[in-house]
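This report looks at how charged side chains pair in the structure shown below.

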Amino acid sequence: MDAKAAEAAPAQFGLNEDQRAIQAMADAFAAERVAPMALAWDRDRHFPGATIRETGPLGFGGIYVRDDVGGSGLGRLDAVLIFEALARACPAFSAFISIHNMTAWMIDRFGSEDQRARFATKLTAMEWLGSYCLTEPGSGSDAAGLKTRALRDGDAYVLNGAKQFISGAGDNDLYIVMARTGGEGPKGISAFIVPRDAPGLSFGALEHKMGWHMQSTRQVLLTDCRVPAENLLAAEGEGFRIAMAGLDGGRLNIAACSLGGAQAALDKALIYTAERKAFGQKINAFQATQFKLADMETELQAARTFLYAAAAKLDGAAADAGKWSAMAKRFVTDTGFKVANDALQLFGGYGYLHDYGIEKLVRDLRVHQILEGTNEIMRVIVARHLLGE
């Protein structure tokens, strides 16, 4: 692990030797296999499936999945360290690994032993890549209002509906789909494991997005899509609970991706302001620049401390872990975007050019304030906890 990464971990969390080794391994992989290609992947809108699968032997296919199905059996703080390190090379790459891990964890945590053996083992090895399918064209923040329907038909379920903004759709091998098996509201929602070759499963056109260009994003279309009844995850009516449980960890993961991307932006800004000259001196000699850099560092360290504390809460199954996950997601993703945007400003016109890598970070980090629950919804969650208390 380099000195900057070691310096970044607040002492009160006392990262142990194993955690520092995990962090160093993720840093090394990101620097060698991701960072050199990140701008090209973004420019060409290339999905680097082969490089993603290379993370399997490192244990990144099932970071917090139990080891009897090939998982690494690590904690949420360990995962945060990994996603932060990967995101310093490319936030979109790191976020994709996060979404895959949400899928693997859901099957490991809520699946039957047969489902764990058949599906989780392939996901942890990165033999299969997984997607999480909750959002629909008409239900984003109102997730409990989803309309996709699953009807029992003998020894199968027949699914009809559409899912929106699905990362990896069309490229990935397995989809956890939330569909309605009962009445309106969250209690009528169930979760299904849908392999890519399921009859009636198809995908929409590739979406052209502001950022996350290396990830394919499409609609997942279910037209009389038949899946075996044994692919029901847990029991009927458990889908919304499963989805929300997955989002607590997913919010920490995406916050870690913001943190890593923003750290990369600050690192670039430190180098650039030490080299660029204006009015006869390096621009980091100007007090205005120094104050801006100091604020960026302070804000990032505050975000890092908050995120690590929230991860420790989730690891410890604290009663208020959900509130802390929501608070951390809101605070860290807002901070990450601000720091990256401030870095672009320090670069001036050069920050707007693709080759410098700053504008990519700004574009990639912007969506983190929207996905895994918008930051407005995070405020709703925190307020409900406060008023409930």
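## A pair that spans two elements

In this predicted model, D108 and R66 form a salt bridge in which the closest N and O atoms are 3.1 Å apart. Because D108 lies in helix α6 (residues 91–110) while R66 sits in the loop between α4 (49–53) and α5 (76–87), the pair ties together parts that are 42 residues apart in sequence.

The two partners can also be described by their accessibility: D108 counts as buried, at 3% relative accessibility, whereas R66, at 41%, counts as partly exposed. The cut-off for buried is under 20% relative accessible area.

## The network around this pair

Both residues belong to a network of salt bridges that links R66, D68, D108, E113 and R116.

## Pairs within a helix

In helix α7 (residues 113–124), R118 and D114 are four residues apart and are therefore separated by about one helical turn. Their side chains meet in a salt bridge, with 2.8 Å from N to O. Both ends of this pair are partly exposed, R118 with a relative accessible area of 27% and D114 with a relative accessibility of 41%.

Helix α10 (residues 321–347) holds R330 and D334, which are likewise four residues apart and separated by about one helical turn. The salt bridge between R330 and D334 has its closest N and O atoms 3.1 Å apart, and R330 counts as partly exposed at 25% relative accessibility.

## The overall count

With a salt bridge taken as a side-chain nitrogen of Lys or Arg within 4 Å of a carboxyl oxygen of Asp or Glu, the count comes to 28 salt bridges.

Definitions and conventions. Residues numbered from 1 in each chain as written. Predicted model: local features only at pLDDT ≥ 70, side-chain atom pairs only at ≥ 80, totals over all residues. Heavy atoms only, no water. Helix = DSSP H or I, 4+ residues; strand = E, 2+ residues; numbered from the N terminus. Buried < 20%, exposed > 50% of the residue type's maximum accessible area, 1.4 Å probe, protein only.
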